[in-house]
Amino acid sequence: MKRLVAIAVLILAASGITAQEPFNAAGRGAQGPNGVVATAKPEASQVGIDILKKGGNAVDAAIAAAFAMGVLEPDTNGIGGGGFMILRLATMKEAVVIDFREVAPTASKPDMFKLDERGRILNHAGTDGGLSVGVPGDVAGLLHALDAFGSKRLTRAQILQPAIHMATQGISVTANLDKNIKDSLEKINAFPACAELFLQEGLPYEIGEKIKNPDLARTLAIIASKGAEGFYKGEIAVKIAAEVKKQGGILTVQDLASYAIKVRKPVRGTYRGYTILSVPPASSGGTHLIELLNVMETYDLKALGRNSPATAHRWSEAMKLVFADRAKYMADTDFATVPLSGLVSKAYARELAARISPKESMTAPLPGNPAQYESGSTTHLSVMDKEGNMVSITKSIGLLFGSGVLVPGTGILLNDHMSDFVPKPGSVNSIEPGKRPLSSISPSLLLDPKGKSFMTIGSPGATRIFTTVAQVISNILDFGMPLQEAIAAPRLAQPHTGNLSLETRLPAATQKALGTLGHKLTLRGDWDPYFGGVQAVLYDAKTQQLIGGADPRRDGQAIAF
Amino acid sequence: MRQAAPLICTLLLLGPGTVKAQGFNLKAPIATQPTLVTGVGQSADIEMVKVLLNRGKVVFKADPQAKAGALAASGSKSLVLVIGGSSKGLGAAGISAEVDIERAKGLVAEARKLGLKIIGLHVGGEGRRGQMSDKFITGAVPLCDYVIVVATGNKDGLFNQLCAKGKIPLDSVDKIANAGAPLLKAFK
């Protein structure tokens with residue numbers, strides 16, 4: 001009988017594990033002397049660690065983990081999408097940004113979307129279906145980084161093999177993926193190939209069941225064998241263009257063949273003596289991350305208090321001003337003039353800070369004039385190795401499940417990043433052929449006051465990306481919080497106008513005081529993926545340990561060795 | 001005891017939801033076809049219920065934002081409420097949680113006037129619980145004549161409490177696909 005009871009207990013314990021609690025804040029961080037990989041999935045972090053153990057560098061590990069993430073988190077990213085990466089090898093004087101954002105197809109036009117009387121795109125065409133698809137940059141970007149900055153000690157096939165294996169064997173449905181599938185059922189059902197992959201006879205897989213994507217495994221094997229050409233030319237390109245056209249889109253095989261990544265110089269700023277390096281346009285994220293931190297640097301946040309009304313109010317007001325600037329100025333700098341150095345100038349930040357009243361909330365702040373100081377569902381991963389090599393990659397297919405267009409026979413789910421343009425003529429971010437849509441993606445690197453590698457950080461979360469990254473940086477540098485604690489701390493997000501969104505763990509007294517200051521609050525969950533999913537790795541010079549942190553709001557996990 | 005042991009292990013392995021699903025608590029069909037399916041909380045879970053009804057060949061119309069005024073003209077003879085909140089769904093519909101709850105209450109009041117039976121389903125599991133979804137659950141479940149829940153959405157027994165209070169038959173199933181059987185049995 002005792003044995004039976006023991007078996008019963010084991011069964012109960014096992015069923016608890018299988019059920020996977022949707023939220024588990026414990027055990028997300030890791031530390032070790034040789035390397036840390038922090039991604040939005042434990043399996044992808046392990047892929048990166050295995051690559052480091054085989055003698056690869058941080059870039060090799062990051063690229064292997066990035067391809068694996070495309071398989072493991074197909075609802076947010078993959079080879080049908082694009083992104084941005086910033087990396088700095090310990091031997092490099094300057095960090096490098098690889099912009100592998102999607103571009104608008106050649107046949108695209110500023111007025112290609114039909115709008116209703118309120119300026120909204122009709123029939124979800126901006127987010128669902130062929131017209132929403134931009135030319136994917138994921139494969140070109142990841143393989144460029146591997147070729148240019150990888151250790152050369154591992155072959156492309158070795159880097160892609162874990163992703164191929166996972167696509168073949170299947171990925172487990174987690175509570176997070178389960179919710180995302182259920183939330184996106186309308187989109188998934190609208191595209192039969194997408195429904196065939198993600199549903200079983202019309203219903204979602206149960207948590208713990210596996211979704212296999214053998215077509216994607218075959219596509220990845222072609223890329224492993226032929227490189228980027230295997231994706232952008234030939235059989236795969238023909239299938240992509242044909243399916244996009246079938247779903248009402250305009251992307252052609254010529255668009256795919258002519259896709260090119262951009263290698264850019266990072267935007268540069270400082271916060272409390274630490275150097276911040278991040279991505280320039282076509283992402284707005286890096287610039288506005290620095291602009292926001294510059295404004296916050298004018299305050300003694302430590303004295304104002306963590307999670308206090310005064311601190312939360314200043315974050316909210318600064319975010320309003322930054323988003324006002326974003327709407328007015330930000331676009332692809334290959335097509336528009338953007339006052340970048342003004343936006344990141346300390347003097348401009350002081351001017352913005354002077355507009356913030358400590359006593360009341362602004363209702364509709366206007367953009368500033370930075371020119372006088374001139375001289376967007378997504379995933380993030382961070383890798384750092386013992387040499388001090390740092391890689392930060394944020395990549396995306398747009399909204400959850402992208403355009404919904406899944407290319408039959410390839411397993412590729414295509415992006416909907418055309419929705420990140422302003423869908424009418426006259427804006428700096430209007431649609432033009434070959435132009436990159438504006439993004440908020442902000443993979444970033446921090447150097448310590450001596451210029452040494454300190455931290456790699458980034459997050460998904462659409463326009464909350466850079467505001468989230470800024471808050472985590474502040475938690476570490478202003479309040480001395482350990483990395484994992486800084487990631488777990490409650491967040492807020494304030495757009496240009498409208499309500500201030502809060503995680504409800506922010507103290508009730510702070511919430512009440514914010515209301516008194518005139519803020520209209522939207523109370524979200526205690527731990528809400530709305531506020532992103534930060535993955536970061538930090539070097540602690542005192543202990544000579546690499547410390548990884550990952551976000552419990554999604555399936556984040558850091559692994560070290 | 002030795003004979004009972006395998007049964008104990010099996011029951012533990014399958015979990016309480018399945019145990020309840022073997023014998024449904026609704027003893028006789030209550031609802032007439034065609035039925036009107038609407039959302040309470042505007043989650044995409046309504047898509048799953050449409051699949052279940054299609055599988056069972058139940059005649060239905062689906063309108064996530066069905067309003068009281070249109071119920072009589074729809075010709076519907078019963079009402080299915082798919083309960084569970086989605087900020088994405090509410091945002092797309094351009095309504096607040098409070099507005100959607102009021103709409104549902106108005107719809108149910110009209111259904112009562114017309115003599116329609118009301119079935120509530122919560123098929124979103126644990127992911128469709130929490131502060132926002134619970135508003136819809138506590139608002140809508142007491143209005144139903146019969147409730148079906150996927151067990152992972154009822155780990156804390158909220159549905160048991162609400163249904164016990166209103167003396168509403170409740171059936172719990174272990175997974176979404178298994179919600180089809182009690183749902184179909186509810187229709188004449």
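Modeller: Happy to! Let's start where two helices touch: Val59(A), Asp60(A), Ile63(A), Ala66(A), Phe67(A) and Gly70(A) of α3(A) meet Asp138(A), Leu142(A), Ala145(A), Leu146(A) and Phe149(A) of α4(A). Being in contact takes C-beta atoms, placed from the backbone, within 7 Å. These residues divide into 8 nonpolar, 1 polar and 2 charged; Ala, Val, Leu, Ile, Met, Phe, Trp, Tyr, Cys and Pro count as nonpolar, Asp, Glu, Lys and Arg as charged, and the others, Gly among them, as polar.

This is a predicted model, where local features need pLDDT of at least 70, side-chain atom pairs count only at pLDDT 80 or more, and totals for chains, interfaces and linings use all residues. Residues are numbered from 1 along each chain as its sequence is written, while chains are lettered from A and ligands numbered from 1 in the order in which they are written.

Helices are DSSP runs (H or I, at least four residues), numbered from the N terminus. Helix α3 of chain A spans residues 58-72 and helix α4 of chain A residues 138-149; they pack at about 160°, their axes 9 Å apart. Axes are lines fitted to C-alpha atoms over the stretch in contact, and angles run from 0 to 180 degrees between N-to-C directions. That angle makes α3(A) roughly antiparallel to α4(A), a label for angles over 145 degrees.

Now look at Ala58(A), also in helix α3 of chain A. Ala58(A) counts as buried because 33 C-beta neighbours lie inside 10 Å; the cut-off is 20 or more other C-beta atoms within 10 Å. Among the residues Ala58(A) touches are Val383(A), Met384(A) and Val391(A).

Definitions and conventions. Angles under 35 degrees count as roughly parallel, over 145 as roughly antiparallel, 65 to 115 as roughly perpendicular and the rest as oblique. A residue is buried if 20 or more other C-beta atoms lie within 10 Å of its own, exposed if 12 or fewer, and partly exposed in between; C-beta atoms are placed from the backbone. Lists of a residue's contacts leave out its neighbours within four places in sequence.
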